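Dear colleague,

I am passing on the structure that I have been working through, and I would be glad if you would look it over alongside my notes.

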Amino acid sequence: MGKFNGHFYPGLYLFSFGLHQTIVVSKAMILNDSLLFPSCHPKNKGRWTNLWNISFGGLVKIVTGSILTAYVVLCLDDGMVLMNNQVPPRFMYPKEWQHLTMFILLILTGCMDLVSKNLLPQRCVVLEKGVLVLTFYVLLLLLVSHTHISAGVELQVHSLLILVVFLLMLVLTTELWAPDMPHLWLIETFLFLTMGSWLMQAGFILYRPLTGYPWQDDDINDVMFVTTFFCWHVMINASCLSGIYGFSSFWYHFSPSLKLTRYKEAPYPVNTPEPLYKLLREVEPSEKDDQPFLLSKGSP
């Protein structure tokens, strides 16, 4: 599992998830809509309503985690053996067991999304965010232990990945208290994009170099260019995020069929003839009541 496929396909999933989140967050920010409880509802009612309301994000997490878990188990010839038969026994396949733990947590996250959105009487956002934060806390610990047996280029690749996971963990922890903040969702989306693209790049750096020659751990130029490539990923993902937001802004502002969805109620009513009319009717009797009192006061 610690090969090209073990880095490329999880990275592809995270990058695709980041692209989807970019579209969702851009739409919510442009239309001034809620990220957790969007105002748009499916037009089709009837027998397909319950199917539409299913958390497709949770289903994708469960299916993706199950496929990756099965791949971890099946890629080993003798299966996922925890210990060998030697005396004293030794632990086997430490990296594979760590990857298996990551993917099981992904399945758990998807299950919690389904429970919160479809099984509970009311959606529990704290439950969803809490399990997601727990997943990234565990992921950070596993990645830190990955670096204990790494050196040179591999160490630099995983160190930069740990930096992204750490920042993402901080953002997700903050969202426990502010779950519907568009700016936090925007930072989270950018970090998911960077994490996914860098994982895919890590597969090519460590296992399938484009030049056909492996990177050299004792060459400082190779180690430095790993950081340079990471900076390019940051700039490209930021440009991708800005481009999707700009295109979405153009689409939602100039598409005639979506003008009604951008309507926002004014904080104060513009035309209120009836309340003003009632107000005048209430004021007139009070003035009539005060007028005889003043006349009677000035009379002999």
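The notes below go from the overall fold to the salt bridges, and then to a pocket and a surface patch.

This is a predicted model, in which local features need pLDDT of at least 70 and side-chain atom pairs count only at pLDDT 80 or more, while totals for chains, interfaces and linings use all residues. Residues are numbered from 1 along each chain as its sequence is written, and side-chain values use heavy atoms, with hydrogens and water left out.

The protein has nine helices and zero strands, where helices (H or I, at least four residues) and strands (E, at least two) are DSSP runs numbered from the N terminus. Of its 300 residues, 36% are buried, meaning under 20% relative accessible area, with exposed set at over 50% and partly exposed in between (1.4 Å probe, protein chains only). Among contacts (heavy atoms within 4.5 Å) between residues at least 6 apart in sequence, 73% join residues at least 24 apart.

Three salt bridges are present, each being a side-chain nitrogen of Lys or Arg within 4 Å of a carboxyl oxygen of Asp or Glu. In one of them Asp113 pairs with Lys61, with the closest N and O atoms 2.9 Å apart; this pair links helix 4 (residues 94-119), which holds Asp113, to helix 3 (residues 56-74), which holds Lys61, across 52 residues, and both Asp113 and Lys61 are buried. Lys95 pairs with Glu154 at 3.4 Å between the closest N and O atoms, and because Lys95 lies in helix 4 and Glu154 in helix 6, the pair ties together parts 59 residues apart in sequence. Lys95 is partly exposed, at 22% relative accessibility. Glu175 forms a salt bridge with Lys129, the closest N and O atoms being 2.7 Å apart; Glu175 sits in the loop between helix 6 and helix 7 and Lys129 in helix 5 (residues 125-146), 46 residues apart. Glu175 is buried at 0% relative accessible area, and Lys129 is buried at 8%.

The residues that line the second largest pocket include Gln201, Arg208, Trp215 and Phe229. Helix 7 (182-206) and helix 8 (220-254) each supply at least two residues of this lining, and helix 7 gives the most, with three.

On the surface, Leu163, Phe166, Leu167 and Leu170 form a nonpolar patch. Leu163 belongs to helix 6 (residues 153-174) and is partly exposed, with a relative accessible area of 41%.

With best wishes

Notes: Patches are made of residues with over 30% relative accessible area and no salt bridge: like charges are joined within 9 Å, nonpolar side chains (Val, Leu, Ile, Met, Phe, Trp, Tyr) within 5 Å. Accessible areas come from the Shrake-Rupley method with a 1.4 Å probe; for residues, only the protein chains shown count as cover. On a 1 Å grid over the protein atoms alone, a cavity is a set of points where a 1.4 Å probe fits but cannot get out, and a pocket is an open set with protein on both sides within 12 Å along at least five of seven lines; lining residues have an atom within 4 Å of a point.
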